[in-house]
Structure formats: structure tokens, C-alpha cells
Amino acid sequence: MARSSYHHGNLRQALVEATVRLIEENGPQGFTLAEAARLAGVSAAAPYRHFTGREDLLEEVARQGFEEFADRLEAAFDEGRPRPLTAFLRMGQEYLGFAAERRGFYIAMFESGISIAGNAGLSQASERARGILVRGAEALFAQLPAGRRPPPGMVADHIWALSHGVVELFGRGKPGSRSPISPADMLESGALIYLRGLGVIPD
């Protein structure tokens, strides 16, 4: 089985994909390196050729997740077209889409307890994603006088926190999370109220 996996695929990536499946099924703490190896079709010793241990593998899953997340945010922003506000709100919807469609990666990124600061590649990927939100905020404020522009990093972080909260509270079907408003509408209305409060959107 191991020989077959080596023959037609990348072992490192096969382990990442196996880990994503295990996270989706059992949560970020519900897998071992041996289980990932078994699912990838290799021996229990094979993962150590690429990863120092379970946490190292989990960090690689999160890093790849952030890279894809950043790519999706960048595509959604589309350099602020057709209008900065439309593009900014579109990024919020992409956040929800990523969380729903790439659950294993999302959980590894935000719910596994890993240290982003302790891994240079992971930290860089995370900052790249945040940087796209910052660019979106900067585009929103470009028409305001310099003295009235809110700090774009603060706004990016607030919108990130709002998006994450909507996913956690209303996007997972958890008990007590029912709402007559869809997660997408909840996020967009919350973002609009926030931006109006900052004076970005006229009353």
C-alpha cells in the first residue's frame, strides 16, 4: 500500500489531505499521526520523513488553509471592482463560503490551538489573508478626508472577528444557534451597520 502511494502521489500532500478528513470527522484533537498515515496508505513511520510530529502536520494543514483562504479573499476583492464597498462585502461572503466548503482546513486554522506566531510560514500565510482585508478597508476609506479615515488594520480585524463570530454561532447548525436571518444576511447587515457607524457609508 505504501509503495502505491509513493508511486502515484506526493506523500506529504497525501498526509495533509488525510488529516483534513480526520479533522472533519473527529475534530482537531481527534487524530494521531498513525491514523493519518493509515488513511494515506503508508506505514506509521513514513510521516516522520516530512513532519516532526502531529503538531507539525497540523500546522501544515493550517498553512495551506490560510494560503487558499487568502487566494479566495483576493479573488473576491478583485482589486475593489466594481465598487470598494461591493468588493469588501464580497470578501465577507467568501469567508463564510470557505468555512462551509473547507471545514477541515478552517478548523485547523482557527480551532486547533496551534501557535501561528511560532511557525514562520504559517504566520506569513495568515498575515497575507489579513493584508487583503486591510487593502479592502483602505479602498473603502480612500474617498474620505485623511483625518477622518479609520485605521484600516482595526477595521480589517473587526470585520474578521464579526465574520468568525457568525460562522461559529450561526454557520454550524449548533444548538441554540437558530436565527430567522441567514448567516450571509447577518454578516452583511452587521458589516453595513459597523461601516455606517464609522462614517464610511452615508446615512
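The model is predicted, so local features need pLDDT of at least 70 and side-chain atom pairs count only at pLDDT 80 or more, while totals for chains, interfaces and linings use all residues. Residues are numbered from 1 along each chain as its sequence is written, and side-chain values use heavy atoms, with hydrogens and water left out.

I start with the pair. Helix 7, residues 120-141, packs on helix 8, residues 152-170, at about 115 degrees, with the axes 8 Å apart. Helices here are DSSP runs of H or I, at least four residues, numbered from the N terminus. Axes are lines fitted to C-alpha atoms over the stretch in contact, and angles run from 0 to 180 degrees between N-to-C directions. Contact means heavy atoms within 4.5 Å. On the helix 7 side, the residues meeting helix 8 include R130, L133 and A137; their partners in helix 8 include V155 and W160.

Next, the core. The largest nonpolar core has 62 residues, and among those touching the most other members are L15, F66 and F88. Such a core is a set of buried Ala, Val, Leu, Ile, Met, Phe, Trp, Tyr and Cys residues joined through side-chain atoms within 4.5 Å. Buried means under 20% relative accessible area, with a 1.4 Å probe and protein chains only. Helix 4 gives the most to this core, 10 residues. F88 touches L133, A137 and V155, among others.

Last, helix 6. Six of its eight residues are buried, so helix 6 is largely enclosed by the rest of the structure. Those buried include F105, Y106 and I107. Their cover includes helix 2, helix 4, helix 5 and helix 8.

Technical notes:
Helices (H or I, at least four residues) and strands (E, at least two) are DSSP runs, numbered from the N terminus. Buried means under 20% relative accessible area, exposed over 50%, partly exposed in between (1.4 Å probe, protein chains only). Lists of a residue's contacts leave out its neighbours within four places in sequence.
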